[in-house]
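Please read this briefing beside the sequence and the structure that follow.

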Amino acid sequence: MKTLTGFALALLPLSAWAASTEFQDIERGRYISVLGDCAACHTVDDDQPLAGGVPLETPFGTLIAPNITPDAATGLGRWNFEDFKAAMTEGVGRGGYHLYPAMPYPSYTLMEERDIRDLWAYLQTVTPVENDVDANQLPFPFSVRQVMLGWNLLNFDGRRFEPDPEQSDEINRGAYLVESLGHCGTCHTPRNFMGGEGGDKFSGASIEGWYAPNITPNRHVGIGNWSEEELVEYLQTGGNRYAFASGPMADEVHHSSQHWTEDDLYAVARYLLSGAGVDAADWDREPPEPLAEDNAQVRAGSHIYFDRCSGCHTPNGGGEPGIFPQLASNALLNSANTDSLIRVVLAGSRPVATDAKPTAPAMPAFAWNLSDDDVANVLTFVRNSWGNAAPAVSASEVADMRETLESE
Ligand code: HEC
Ligand code: HEC
Ligand code: HEC
């Protein structure tokens, strides 16, 4: 971000000073839009930023993110700041209609006033695009926006961000970024039956056929083994020695966190790894015992592993830093939810390319040459080797994922 030094400011005439403050607000607002990842949902085509059109699957049906460029007829051209603030903090659109929480207003409501203002200043400068989007594609009765009145009563408290005086400024900055603009919990916190954030915070959740893993400091199923540097590396480059970001997290890294400042990324890492935001009782649990080596699935799986997998992931599961992820002591492998694991083995995966790491290696697909039993066995083996411990994977879970992948 560009900032003017005090020396440069002293040389500027007054009118230029006014203009430069405005420029700074707009630049700041642009960065807020990156932190909030507005583009992930509101941009389809990078040549027409924020013109809307991204379809979002929700438990109730499909919503399409609308046009938020300043176009008068089809965008926010007729909105004023108060209208915008109500959308961001109360989930209410211009004229009083209720927005669905697929728009992450339950997180954005924590935004500071200045951030909302600068974001609004930036949105005025985006090229207006005429693109009429009908956001609401939900079936009746969910299509009736008044339904959201009841949802808000039960799931939305409209609270503002309160820094914790016991914590450092850096941890408070991290808390603000994670809870508010970064809306990490919308994917990483389990949902209740109404689609509101429900279960233990950051303990992992299914989203669009992927699993957004536990990001608490738990050492077994969470990111407690990661150093701050490793977490920053993941958010900045899309990968570290344990994991590469794919699916919805690849989008998050691509549009958002790879562009965050180093200070902001470290603040996030310090906050998440300190466990300040979560109840220790929810994450500080003893790991289970691994399945025995003579378990039939573990034994069958070890043959497949040494035949098909160890060439890249190495015989001791250590991987190759920056190329092939380490499977040893890997939280994703220990997770109760196996959606992402099965998906990766069946369909393969190409991790996100970032400015920092433009090309990344790929994981090959095994759907065509491993049976449901083979995939279940090899995953059961890796889930119970080299420090990992987790329940066996069943062939029927693999069959279900095969079906999901075929329908995509
Ligand atoms: C996870 C997806 C997602 C993200 C991220 C997101 N939005 Fe939205 N947004 C939506 C959806 C979906 C709607 C439509 C909701 C509805 O109509 O009920 C919406 C609606 C809106 C509206 C109301 C527009 C209207 O015409 O009613 C505004 C304003 C808005 N978003 C601004 C933003 C800004 C600014 C950001 C970034 C800070 C952002 N959104 C990030 C999904 C998203
Ligand atoms: C749109 C949904 C979404 C959002 C928003 C999101 N994540 Fe993720 N995240 C995921 C998914 C899905 C994965 C699993 C990716 C994979 O399997 O490659 C993931 C993976 C991760 C991982 C790797 C964990 C591991 O054990 O491999 C970390 C760390 C992470 N996210 C942190 C964050 C942070 C911090 C934020 C907020 C700034 C965030 N995520 C926002 C969906 C999301
Ligand atoms: C040609 C090299 C190669 C082979 C062979 C290979 N992998 Fe991978 N694997 C990768 C790469 C590269 C990634 C990272 C890709 C990504 O996450 O997008 C990966 C990712 C994974 C992950 C996800 C790890 C995480 O934390 O995100 C699992 C699990 C995995 N592989 C298991 C296996 C299994 C089981 C086999 C054998 C059936 C196998 N791999 C064979 C290269 C390989």
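A polar contact here is a pair of N or O atoms within 3.5 Å; within protein, one must be able to donate a hydrogen and the other to accept it, and residues adjacent in sequence count only if both atoms are side-chain atoms. By that criterion, a nitrogen atom of ligand 1 lies 2.8 Å from an N or O atom in the side chain of H42.

This is a predicted model, in which local features need pLDDT of at least 70 and side-chain atom pairs count only at pLDDT 80 or more, while totals for chains, interfaces and linings use all residues. Residues are numbered from 1 along each chain as its sequence is written, chains are lettered from A and ligands numbered from 1 in the order in which they are written, and side-chain values use heavy atoms, with hydrogens and water left out.

**Iron site of ligand 1**

- The iron atom of ligand 1 has H42 (NE2) and M103 (SD) as its protein donors, at 2.1 to 2.2 Å, where donors are N, O and S atoms within 2.8 Å of the metal (3.2 Å for Na, K and Ca) and, because water is not among the atoms, sites may look incomplete.
- H42 belongs to helix α3 (residues 38–42) and M103 to the loop between α4 (81–90) and α5 (105–108), so the pair ties together parts that are 61 residues apart in sequence; helices (H or I, at least four residues) and strands (E, at least two) are DSSP runs, numbered from the N terminus.
- The site is octahedral, with angles of 86 to 180° among the six donor atoms; six donors count as octahedral if opposite donors are over 155 degrees apart and all others between 65 and 115.
- H42 counts as buried because its relative accessibility is 10%, the cut-offs being under 20% relative accessible area for buried, over 50% for exposed and in between for partly exposed (1.4 Å probe, protein chains only).

**Surroundings of ligand 1**

- Ligand 1 is surrounded by 24 residues, of which C38, C41, H42, Y97 and M103 are the closest; a residue is near a molecule if one of its heavy atoms lies within 4 Å of it.
- One oxygen contact, at 2.6 Å, involves an N or O atom in the side chain of Y97, and an oxygen atom of ligand 1 also lies 2.8 Å from a polar backbone atom of Y100.
- Helix α3 gives the largest share of this shell, three residues.
- The shell has 19 nonpolar, three polar and two charged residues, with Ala, Val, Leu, Ile, Met, Phe, Trp, Tyr, Cys and Pro counted as nonpolar, Asp, Glu, Lys and Arg as charged, and the others, Gly among them, as polar.

**Iron site of ligand 3**

- H313 (NE2) and M363 (SD) coordinate the iron atom of ligand 3 at 2.0 to 2.1 Å.
- This pair links distant parts of the chain, H313 being in helix α14 and M363 in the loop between α16 and α17 (372–382), 50 residues apart.
- H313 counts as buried at 11% relative accessibility, whereas M363, with a relative accessible area of 22%, is partly exposed.

**Surroundings of ligand 3**

- Among the 27 residues around ligand 3, C309, C312, H313, S349 and M363 come nearest.
- A polar side-chain atom of S349 is 2.5 Å from an oxygen atom of ligand 3, and an N or O atom in the side chain of H313 is 2.8 Å from a nitrogen atom of the ligand.
- The shell around ligand 3 comprises 21 nonpolar, four polar and two charged residues.

Definitions and conventions
Tetrahedral: all angles 85-135°; square planar, octahedral: opposite > 155°, others 65-115°.
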